[in-house]
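Let's take a walk through this chain together, moving from one local detail out to the overall picture.

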Amino acid sequence: MPMSSAVSRLAAAVAGLLLTVAAAVPSGAAPATAPPRPGPDRTAADAPAPAAWYGPLSTRGRYIVDAHGDRFRLKGANWDGAQGSWTGSGSGSGSGSGSTDDPAAHHAGQDSHGILLGLDRVPLPRLLADFHAAGVNTVRLPFSNEMVHSTAPVPDSAVTANPHLRGRTPLEVYDAVVDALSDSGFAVVLNNHTNTSRWCCGIDGNERWNSGQSTERWAEDWVFMARRYASVPGVVGADLYNEVRRDVLDDPNWGLGDGHDWYGAALPAADRILIEADPRLLIVVEGINWTGVPVDGLPHGRPVLGPVRTLSHTLVDSRKLVYSAHFYGYTGPHHSGATGIGETHDPRYQDLSRAELGAALDDEAFFVEEDGRHYTAPVWVSEFGIGARETGTAARAWFGNVTDHLADRDADFAFWPLVGFAGHDDWALLAYDEAGHRSGILDPGDWRATAWQHLTTAPGRTGPVAPVPLWRMLSTDHGDAVASRRVRATGDWDPGAYKAACPDATRLAGLSHTGGRGLCTDAGAGDLRAAGARQTVVGDERGVPAGGDWASGYTKYQCPADEFLIGYGLRGARVSSALCVPARTALPGSGRTVWFDRSDDRPAGAPGGDFAYGAAKGQCATDEYAAGIAFTTRVGSRPGPAALLCRALP
């Protein structure tokens, strides 16, 4: 999110850090699905408007689609406040500078009281009508973990224009807003923005999902929130955490398996949401926002979604994953956004030419939308923005360039912020004074309006989106990678081993010789598995028929007739089991051996992409299924998978 206060805090924190280093949808349309969650704000007269999009949402390749398979483009904005507004510029809770009671100690002088901004100034129905008028169909709704657990009612002054919300806790106000947004036809994406209700995003105690709490507590809060809104039809997504970044001493990482591993935290939390709380939801995973020390000569930068190239998420529902990224003109690929202390000589995004900016955004985020890769998913630019009072030539040019690129890319997007106080936060799309009078993007004098109008109305993909083949990665780097609900339901099928199993409706297509990686797909066959829970765990060579030695001198784990591979087990580097399931139809028995113990053996074009960077890989063709794994236990040889038995699909 944009904030001069955050940049100031980052700059101040860098000074301390250096000391440490030295020492060490159409308007009015409502989604049609299950009935809304009952609540005190609903009456029989509150029936939703006729539906124009149909929940739940899912993905097909790079596109988000509704329940009918039609494209649903997220044209969004961030309605903030519930994540907190106090800047932490002082201490204590009494009166005076830095106090939480002092509006000057809140971002842009806006005390949100831990609820959505504007409820003190404008009745909720009029706010929603203005959102529609601004061309928004999706609202990203930030919250803090502190908000989830707060039991104190909000002050009456925070809801002056909405007296029916008096006496409610911040979470209960959030409930009412979620219900109202859903009833008005908006898609709502819940966003865990912060741990505490302190304004984000510098060095503020909210750098990681577990900065002020355990990872388990964070995941439990997500399950709670997803369950709470499971019957609200407009709630379509869970945006797991905002702008994961470095704290004073440590960087976040993507896949190291420690307590700072954002990849490793997001995956089980996402699966818990889908399994335990609400299987309808899209799961939004943002890239890493910052690593390193912002000082010339020291490593630093903005990884964004770059790590996804070599390590992507495979959820229990593979068509629910959306990746996200944030872009602001004052930051850059290697620029923190600071001025003064913490400022480097790296270019900011607003210093780049139109072509350079497009190349940077594609390299850092939009490559994810490439077809036929293990990481292929929609990319949601869930934050970008600029102020109405911005006069800088470079900054204004950046806004035109970035909105043009988003339009040309037919991208999903969300502006930051949606609502603000007039005379305080000029970044807001819609600003309201104390009397409720509106200004902002709908005014002809707002210089941003032309670019915003272009972005929200530019032609893009609409209507039905055809299903596309799915490719997903399995990684046993630090534990099990069982992405199948059906397999999970059967329990531990190889105790003591690291186990991997493809998501339901897919099959195992490829393996790496080292590193424990696998590749899953539904290409060429769709869901090949028969109904029922039957599966076969193969841990010896009894399935190899007489005269059927397809990997002489190697140990072979082969599926029974009419079964195919969906998973595998490893003890250390050694293959310990193969997991097979019956097909819905008879499978051909002849096949070929694909060897990959010395080098890659993959189909032309390497569908699925590089699922095991730096390792030798083998892969069946898209018109084949895998029926067996071969490996060796010879002294001096690596005991990982060495060959696959690939057979033609029916």
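**A walk through the chain**

Begin at Gly 185, which follows helix α4 and has a positive phi, near 100°. The model you are looking at is a predicted one. Helix α4 itself covers residues 170-183, and its 14 residues span 20 Å from first C-alpha to last, close to the 20 Å expected at 1.5 Å a residue. Is this helix enclosed or open to the outside? Because 13 of its 14 residues are buried, α4 is largely enclosed by the rest of the structure.

Helix α2 runs through residues 124-133, and its buried residues are Leu 124, Leu 127, Leu 128, Asp 130, Phe 131 and His 132. In general, an α-helix has 3.6 residues a turn, so residues three or four places apart point the same way. After α2 comes another glycine with a positive phi, Gly 135, with a value near 90°.

Now turn to the strands, starting with β8. Strand β8 (residues 282-286) is mostly covered, with five of its five residues buried. Leu 282, Val 284 and Glu 286 point one way, while Ile 283 and Val 285 point the other way, and all are buried. As a rule, side chains in a regular strand alternate between the two faces of the sheet.

Which strands pair with β8? Strand β6 (residues 235-239) runs parallel to β8 and is joined to it by three bridges; here Asp 239 stands opposite Val 284. Strand β11 (residues 321-326) also pairs with β8 in the parallel sense, over four bridges, and Ser 324 of β11 stands opposite Glu 286.

A second sheet to look at is an open one of three strands, in the order β7-β9-β10, with mixed pairing. Its edge strands are β7 (244-245) and β10 (300-301), each of which pairs on one side only. Between β7 and strand β9 (residues 288-292) the pairing is parallel, over two bridges, and Val 244 has Ile 288 of β9 as its bridge partner.

Next, find Gly 516, in the loop between β20 (507-512) and β21 (517-521). Is Gly 516 buried or exposed? Its relative accessible area is 11%, so Gly 516 is buried. Leaving out residues up to four places away in sequence, Gly 516 touches Leu 474, Ser 475, Thr 476, Tyr 568 and Leu 570.

Finally, zoom out to the whole chain. Its secondary structure comes to 10 helices and 29 strands, and 60% of its 650 residues count as buried. The C-alpha atoms fill a box of roughly 85 × 65 × 45 Å along the principal axes. The radius of gyration is 26 Å, which agrees with the value near 26 Å for a compact globule of 650 residues. The accessible surface comes to about 23000 Å², of which 54% belongs to carbon and sulfur atoms.

Technical notes: Residues are numbered from 1 along each chain as its sequence is written. This is a predicted model: local features need pLDDT of at least 70, side-chain atom pairs count only at pLDDT 80 or more; totals for chains, interfaces and linings use all residues. Side-chain values use heavy atoms; hydrogens and water are left out. Two strands pair if DSSP finds at least two bridges between them. The expected span of a helix is 1.5 Å times one less than its number of residues. Buried means under 20% relative accessible area, exposed over 50%, partly exposed in between (1.4 Å probe, protein chains only). Contact means heavy atoms within 4.5 Å. The radius of gyration is taken over C-alpha atoms; the globule rule is 2.2 Å times the number of residues to the power 0.38. Accessible areas come from the Shrake-Rupley method with a 1.4 Å probe; for residues, only the protein chains shown count as cover.
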